[in-house]
Amino acid sequence: MRSLRTRLLTGIVATMLLTWAGTFLWYRAEVTREWSGEWDAALREVANLTLLSLPVGLENNVAERGFSLPGQQRLDTSQLQMTFQVWNLATGRSVLHSPTAPGRPIVPDMHEGYGTIMVGGEPWRVYAVSDASGRIQVQVGKPQSLLRKELHDRLTRGLMFVGILACMLACVVGCLVQWSVLPVTRLSRRILQRRPTDLQPLPAKELPVELRPLVESFNGLLGRLDETMQNERRFLVDAAHELRTPLAVLTVQTENALGCQDPVQLRAELGKLLATTQRSARLSEQLLDMARLDANGFGEDDVELHTVVSVIARDFENGAAERGQRISLDTEDCLVRGRVDPLGILVRNLIDNAVRYGGRDAHIAVACRREADGVLLTVADDGPGVPESEYRRIFDRFYRVMGTTERGSGIGLSLVAQIAESHAASIHVGTGLRGRGLGVRIRFPSPQPA
């Protein structure tokens with residue numbers, strides 16, 4: 001049962017029917033008790049009135065026959081519901097009786113009061129009362145089948161009334177449920193009519209208060225999806241623009257190399273071609289890193305950051321030596337919460353940025369140390385540095401500082417910022433070594449115990 005409308009209607013109608021069933025059972029018990037009491041009261045009243053209406057001395061007279069109705073009137077004895085008898089207690093002779101009364105006493109033992117006695121193989125409810133002197137006794141009775149019939153008729157009418165009322169209420173409840181879920185139905189139709197790329201917030205004003213938090217959470221999700229899609233669109237546009245330039249340069253340099261006849265000039269053109277190819281490969285690698293990070297996110301593992309820093313720093317030693325640069329390493333045991341691959345990308349891009357833009361004969365200091373509130377990773381150099389006004393922008397995608405002679409993609413530091421944010425780490429940018437160059441400090445929170 002996945003339909004909210006069906007679930008509500010079923011729950012309400014089922015509760016209503018169970019309530020009415022309990023009420024009907026209680027009503028049946030009350031009606032039975034009340035009706036039985038009314039029967040007993042009627043039997044006692046008829047018996048007392050009959051006794052008080054009899055003349056004194058009637059018990060000694062014998063009537064030859066009874067009176068008859070005048071004219072064409074006839075008595076339908078099947079409609080008589082009560083039978084009475086008057087007996088002479090001294091002689092045991094019948095003094096008076098109703099037309100449908102049996103020949104024998106209704107109460108054979110002449111016991112006074114109420115009782116249930118079998119008469120003609122059928123149970124009767126009876127009442128007997130004697131006069132104060134004990135000369136005559138009046139016995140009044142009714143077959144209990146009449147009581148059951150009257151109770152059945154009364155309960156049937158009540159059940160029919162309740163059934164009609166239940167059907168009416170079920171229709172009203174169904175209409176109310178339909179009216180209640182109508183805003184949700186309209187909202188679903190609007191969603192189905194939307195284009196796949198339409199991520200505008202859903203209207204929540206006309207919805208019931210109980211459903212607004214759900215729709216507002218959907219709107220929050222749609223907002224994040226829209227932001228993600230906008231970022232991806234910008235990423236694709238920027239990536240296409242960045243790849244277009246090196247591809248054009250590759251084409252020109254390839255054509256120049258094909259047209260060279262001088263081996264020395266050919267070697268120079270091939271060297272340019274190789275450098276452009278390497279820059280394009282690095283750009284593609286960083287684009288893939290960025291796409292992979294956006295798609296997969298990060299897990300939760302304890303990572304030895306000092307080991308990652310040491311391994312990656314050694315990888316850059318040869319390239320730095322070719323530029324006359326020196327990389328110093330200062331680490332101690334440091335654990336952070338994250339994944340090895342993203343943290344490796346972060347450290348690699350920080351060191352690569354320092355090597356690329358630190359200049360010849362630069363000193364690059366890499367440190368990883370524990371602090372009271374976490375782990376501090378620092379990569380600093382004594383190169384030309386970055387103007388303070390550009391500190392915030394160097395982490396934007398495809399942004400490159402104006403005036404730099406080193407060709408880069410502008411993606412490396414944006415990856416650093418993305419990975420640091422996903423690890424709840426803060427970034428601080430300032431001057432590097434000896435008041436010169438650029439220093440990037442990333443503070444990771446202490447890992448929580450598993």
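L169 is found in helix α2, residues 144–180 (helices are DSSP runs of H or I, at least four residues, and strands are runs of E, at least two, numbered from the N terminus). The model is predicted: local features need pLDDT of at least 70, side-chain atom pairs count only at pLDDT 80 or more, and totals for chains, interfaces and linings use all residues. Residues are numbered from 1 along each chain as its sequence is written, and side-chain values use heavy atoms, with hydrogens and water left out.

**Overall chain**
- The protein chain has nine helices and 12 strands.
- Of its 450 residues, 35% are buried (buried is under 20% relative accessible area, exposed is over 50%, partly exposed is in between; 1.4 Å probe, protein chains only).
- The accessible surface comes to about 28000 Å², and carbon and sulfur atoms hold 57% of that (Shrake-Rupley method, 1.4 Å probe; for residues, only the protein chains shown count as cover).
- Among contacts with a separation of 6 or more, 65% join residues 24 or more positions apart (a contact means heavy atoms within 4.5 Å).

- L169 counts as partly exposed because its relative accessibility is 32%.
- F161, L165 and L169 form a nonpolar surface patch, with about 260 Å² of accessible area together.
- Patch residues have over 30% relative accessible area and no salt bridge; nonpolar side chains (Val, Leu, Ile, Met, Phe, Trp, Tyr) are joined within 5 Å, like charges within 9 Å.
- A salt bridge is a side-chain nitrogen of Lys or Arg within 4 Å of a carboxyl oxygen of Asp or Glu.

**Nonpolar cores**
- A nonpolar core is a set of buried Ala, Val, Leu, Ile, Met, Phe, Trp, Tyr and Cys residues joined through side-chain atoms within 4.5 Å.
- The largest has 41 residues, and L346, I351 and F444 have the most contacts inside it.
- At least two residues of this core come from each of α6 (305–315), α8 (340–357), β9 (363–371), β10 (374–381), α9 (412–422) and β12 (439–445).
- α8 gives the largest share, eight residues.
- I351 touches I312, A313, F316, I327, V366 and V379, leaving aside residues up to four places away in sequence.
- Another core, of 11 residues, lies apart; L43, V86, I136 and V138 are among them.

**Helix α9**
- Buried residues in α9 include G412, L413, S414, L415, V416, I419 and A420.
- A424 follows α9 and has a positive phi, near 60°.

**Helix α1**
- A42 sits in α1, residues 4–53.
- A42 is partly exposed because its relative accessible area is 23%.
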